[in-house]
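Please walk me through the aromatic contacts in this structure.

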Amino acid sequence: MTQVFASTLVLASLYALVGVGYVLIYRASRVLSLAQGDLMMFGGYALFAASATLAVPPLVAIGLALGASFAAGLAIYVVLMRRMAGHPVFAAVLVTVSVGILLRVVVVLAYTDEIRHPAAAMAIANPPIALPGGAAVSTIDALTVGAAALVLTALYVFLRGSRLGIRMRAAGERPLLAAQRGIDFRGVFALSWALASLTGGIAGMLYATNVRLEPGAGVIGLRAFAVVLVGGLDSLGGVLPAALLVAAVEVLTVRYGNPLLADVSPFACLLVMLLLRPWGIAGTREELDRV
Amino acid sequence: MAVVDTWPRRLALGVLLAALAMLPRVASPLVIEVVSQAALAAIGALALHLLTGMAGQVSLGHAGFLAAGAFSVGILAESGWTSPLVSLPAAAVVGALLGTAVGMPSLRLKGLYLALGTLAMHYVVLYAGGEYQARWGLNTGISVPPLAVGSLRLRTSAEWYYALVGAAALATAACLNLSRSRVGRAWIAIRDREVAAASLGIAVARYKLSAFVASAVVTSLAGALWAYQRSFVSVEAFGFGVTVEYIAMIVIGGMGSVLGAVVGAAFVTLLPYAIDAAVAAARGAGGAEYYLFPLKFGAFGVLMAVFLVAEPDGLVGIWRRARNWVVLWPLRYRPLAPLR
């Protein structure tokens, strides 16, 4: 039983880290980024590149990879997404799909599609930690939970307290008004892409060190996106409860049902949510006027 | 055939049909195979055009509908019903049911939310297919016997070529005529502005649902043909990437245009072969196989992004501009009434 709780918490942390990125971008530009999973995978490969190819010490490698993730998000906005302003939202969503494809291609060209293990490259041991009640999680599992807690708290403080955070919220709410008040909304959009890429990258690094790294790792991102919808696309506060809910359903299905079913369980949650409460646990209803 | 209204158009159509009919006599097996694939892709793209291009309902679950059709054929074949007279209608019925199921939320949901619902449907269909494969010990896939009605059998690639090109031509004609019908105009009105369509007396809910059903039936039939042609069905063949490919077809071809769907399907199908040929010509043989796959995938991604950012009207938009330039020369501006 403790094991179920522990696994749920770890999976939920991973989902929350990836999911926050979707929400950040959606709030800023009303675009759903389908590249989030691939940005996550990219973060993992950045870590692998720094530790295996550049052969720098692990802490430096992590720093470099964080920088690369941040820069990747920024570059995607500046090169592609900025031009999609004024186009239909769906076209912008499709552009993020091709961004995901390109990220995967870059990774395959650089490192082939073999499975990689950044943990081995960094010579990090990942010993299990015993929990009371006979459960066990790996060290990086515990780190994932810590990182998710840290990132969510930091984002909360940043968006609530800091000047820039308040500007981000303003630009997300009413871009036109925000621009008239002198807020550089392009800068805000760029920042939200960079932050989304950063949180996705953190999730990717943790997952890659813990499990493995392959170009198809972005699938987790697609599942995380069920989480975001359950929580409400435009609600950062909804991400955590939704992540816990979806992760719990998934962990329980693996334990008591079958693994095939567990793969689709996030999407089943999504369908149920769409039927009952399409705007999610904590989202706003604004853009959902009915026929 | 009021769709083909002027003599140059009739002439062009005649030439095109004659060329398509003559092709298997002169072309290499590879060319025949590629054109057949393009024709099959065109049927799927036309189905997506009905839903997204005409009725304006975004779907991220196209591969799910294809898989549903293919699996209907596979599962029926596995249970002893190999005749297409049974399995094609069955695939159509499955498509219609699935289309209704997915279309229902469209009465409540819009835009991105609807897209997410169709995406979820895709994964549910794949799960059902995977579960079937696992339960009956068919982990690698289900094999399907060749398509045969009475003494008529489709075996060689030339026979398949005629069947698929014929089906694609039929689908194209049907789509063209549909856009002129009451239903088609209702769909277009809903796409352009839902509130206005409703106030003109169009039953928005009914027509949205009918768009989903029509698209799902055609896609499911395309999936059934796919299963017969490959004589093999497996969940791995219907990933999210397939959906992206079909969306890319109608985007690259030109959203909202029948010609665009067909041209886009041909373009996206031919692209990998064109890259193969280009690489082979540039490097001679061998050596670069390893880079080929990412290269094709990458070219596809770049093209989709370029078209979305720079040319939202797609290949058809480029063609129209070029044609207008030629037609209007030496004048520079269009007449006030737009050229069709």
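Start with A:F189. This phenylalanine is buried, because its relative accessible area is 13% and the cut-off for buried is under 20%. The model is a predicted one.

Now cross over to a pair that involves chain B. The ring centres of A:F267 and B:Y123 are 4.2 Å apart. Their planes meet at 5°, so this pair is stacked; the limit for stacking is under 30 degrees. Look at where the two rings come from. A:F267 belongs to helix 12 of chain A, residues 259-276. B:Y123 belongs to helix 5 of chain B, residues 111-135. The pair therefore joins two chains. Both A:F267 and B:Y123 are buried.

Step back to the whole structure. Over all chains, a search finds nine aromatic pairs. One of them brings us back to A:F189, which pairs edge-to-face with A:Y77. Here the centres are 6.4 Å apart, and the angle between the planes is 90°. A:Y77 sits in helix 3 of chain A (residues 58-79), while A:F189 sits in helix 9 of that chain (residues 185-210). The two parts are 112 residues apart in sequence, so the pair ties them together. A:Y77 is buried too, with a relative accessibility of 6%.

In chain A, the residues A:Y45, A:F48 and A:Y111 form one aromatic cluster. In chain B, a charge meets a ring: the charged end of B:R206 sits over the ring of B:Y207. The distance from that charged end to the ring centre is 5.5 Å.

Definitions and conventions: Residues are numbered from 1 along each chain as its sequence is written. Chains are lettered from A and ligands numbered from 1 in the order in which they are written. This is a predicted model: local features need pLDDT of at least 70, side-chain atom pairs count only at pLDDT 80 or more; totals for chains, interfaces and linings use all residues. Side-chain values use heavy atoms; hydrogens and water are left out. Rings of Phe, Tyr and Trp (its six-membered ring) pair if their centres lie within 6.5 Å; planes under 30 degrees apart count as stacked, over 60 as edge-to-face and the rest as tilted. Helices (H or I, at least four residues) and strands (E, at least two) are DSSP runs, numbered from the N terminus. Buried means under 20% relative accessible area, exposed over 50%, partly exposed in between (1.4 Å probe, protein chains only). A charge sits over a ring if NZ of Lys or CZ of Arg is within 6 Å of the ring centre and within 35 degrees of the ring normal.
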